[in-house]
Amino acid sequence: MIYLQLLWVFVKIGVLGFGGGYAMLSLIQHEVVDHYGWMTTTDFTDMVAISQMTPGPISINLATYVGYTTAGFGGSLLASFALCLPSVIMVYLILRLFMSKRNNALMDNTLKGLKPAIAGLIFAAGLSMMNTQNFVDFGRGQYNLSVIICVLAFVASYFFKANPILLIVLSGVVGFFAY
Amino acid sequence: MRQKVYFCAMKKPLQLFWSFFKIGAFTLGGGYAMLSMVEKAVVDQKKWIPNDEFWDMIAVVQSLPGVFAVNTALYVGHRVAGTRGAFAAMFGAIIPSITIILLLATVFREYRDQPVVERIFKGIRPCVVALILAPSLRMIKSAKVTWKTAIIPIATVFLIWWCKISPAYVILTAIAGSLIYALVIGRKTKDGGQKTEDGGQKTKDGRRPKSQVPSPQSQVLSPQSPVPSPQSQVLSPQSSVPSPQSPVLSPQSRKKGV
């Protein structure tokens, strides 16, 4: 049963995952954290951090981890392959049959229209992670160091395009000394 | 003799597997960081695919859903060595990350309750939130969201974060809206492209006329036509974004802009 659920969830994510790894975060989070409760938000956040620091696509990393925690080794392989399955079918069917120039142009325009929605999708994933488990010292009368880390990392990432791995390592060091 | 033939048939898939294995094992930073490594391996070194065809291909692959690295591997593999090549490249691309995560998952579950690890992750978690919010805002900026079209990302955030509606439905709705918009704008530009002479700059390139047509917003904001670069069609700052949910509104604002 758990295998079927994993298969269904990750095939769905593979089909609907427009716009790259970050856009898939929201889908994965909804299914894995909110709907099935396979992970807590904190687990999910930790996994995103680990995925950022390890090579390979973030969504494959998450699928492997979710599969492993819910159904062991077999589950990890199943979830990863389920995520790839729609791509395999697409390469064989869509690319060979339907991807004419005309359809491609239509697809381009559709994607451009989709982009603001995808941006909102990613933003929502970030917002959902803002809870007191992830921001441990949030609140009045506390140091609010987690908020400071978040703001500084945001500024460094948004305005200065700082390397995400460097930011994660730095905030890990800060956490090690401060908490 | 037979063995030799078999070996030759396997040679390209094996090479594909190995190329994508190396790429999968050493690229940090997601699909777009991977792209230049794929180009180097497939176009420059092995000369399997000519440069222009490669970028055309990437432009198509980028518009598909799913894992970008997997799509690229499948398509390159299929182009170079058929079905076997496609699967060899795909497994090459994903096996490193599956292995690494499986190793880390066992280690992480062992040590995550250690106070030291817990302290480190307390620092990391807020940073991760920032690392997700930042690219989404950058995307909004690059999508040239105006005050009128800002309703789309805001509504998306509200529906998913506040109402807890499944992102799947939101994506499907957005696809439907964008498709209608793309159809409308496709028809409009077919008429408009012939009528207006000042728009000739955009229609000169006959290769992919429709993708060259700028959206109403970008026409107002930037006088030159946005040239979609193959590398960054989804995330590029040039690519213009029409509003998917307001197909009626856009032709009007287009007239205003011109």
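This briefing walks through aromatic contacts and nonpolar packing in the structure above. Please keep in mind that the model is predicted. Over all chains, a search of the whole structure turns up 11 aromatic pairs. One of them joins Phe81(A) and Phe91(B), with ring centres 5.5 Å apart.

**A ring pair between chains**

- The planes of Phe81(A) and Phe91(B) stand at 90 degrees, so this pair is edge-to-face, given that the cut-off for that class is over 60 degrees.
- The pair crosses between chains: Phe81(A) belongs to helix H4 of chain A (residues 58–92), and Phe91(B) to helix H4 of chain B (residues 68–111).
- Phe81(A) has a relative accessible area of 32%, so this residue is partly exposed.
- Phe91(B) also counts as partly exposed, because its relative accessibility is 29%.
- Phe87(B) joins the picture too, as ring pairs link Phe81(A), Phe87(B) and Phe91(B) into a cluster.

**A charge over a ring**

- Arg119(B) places its charged end over the ring of Phe176(A), 4.7 Å from the ring centre.

**The largest nonpolar core**

- The largest nonpolar core holds 107 residues, and the members that touch the most others are Phe10(A), Phe44(A), Phe54(B) and Val76(B).
- Helix H4(B) gives the most to this core, contributing 18 residues.
- Leaving aside residues up to four places away in sequence, Val76(B) touches Leu16(B), Phe20(B), Val42(B), Ile49(B), Phe54(B) and Met57(B).

Note on methods: Residues are numbered from 1 along each chain as its sequence is written. Chains are lettered from A and ligands numbered from 1 in the order in which they are written. This is a predicted model: local features need pLDDT of at least 70, side-chain atom pairs count only at pLDDT 80 or more; totals for chains, interfaces and linings use all residues. Side-chain values use heavy atoms; hydrogens and water are left out. Rings of Phe, Tyr and Trp (its six-membered ring) pair if their centres lie within 6.5 Å; planes under 30 degrees apart count as stacked, over 60 as edge-to-face and the rest as tilted. Helices (H or I, at least four residues) and strands (E, at least two) are DSSP runs, numbered from the N terminus. Buried means under 20% relative accessible area, exposed over 50%, partly exposed in between (1.4 Å probe, protein chains only). A charge sits over a ring if NZ of Lys or CZ of Arg is within 6 Å of the ring centre and within 35 degrees of the ring normal. A nonpolar core is a set of buried Ala, Val, Leu, Ile, Met, Phe, Trp, Tyr and Cys residues joined through side-chain atoms within 4.5 Å. Contact means heavy atoms within 4.5 Å.
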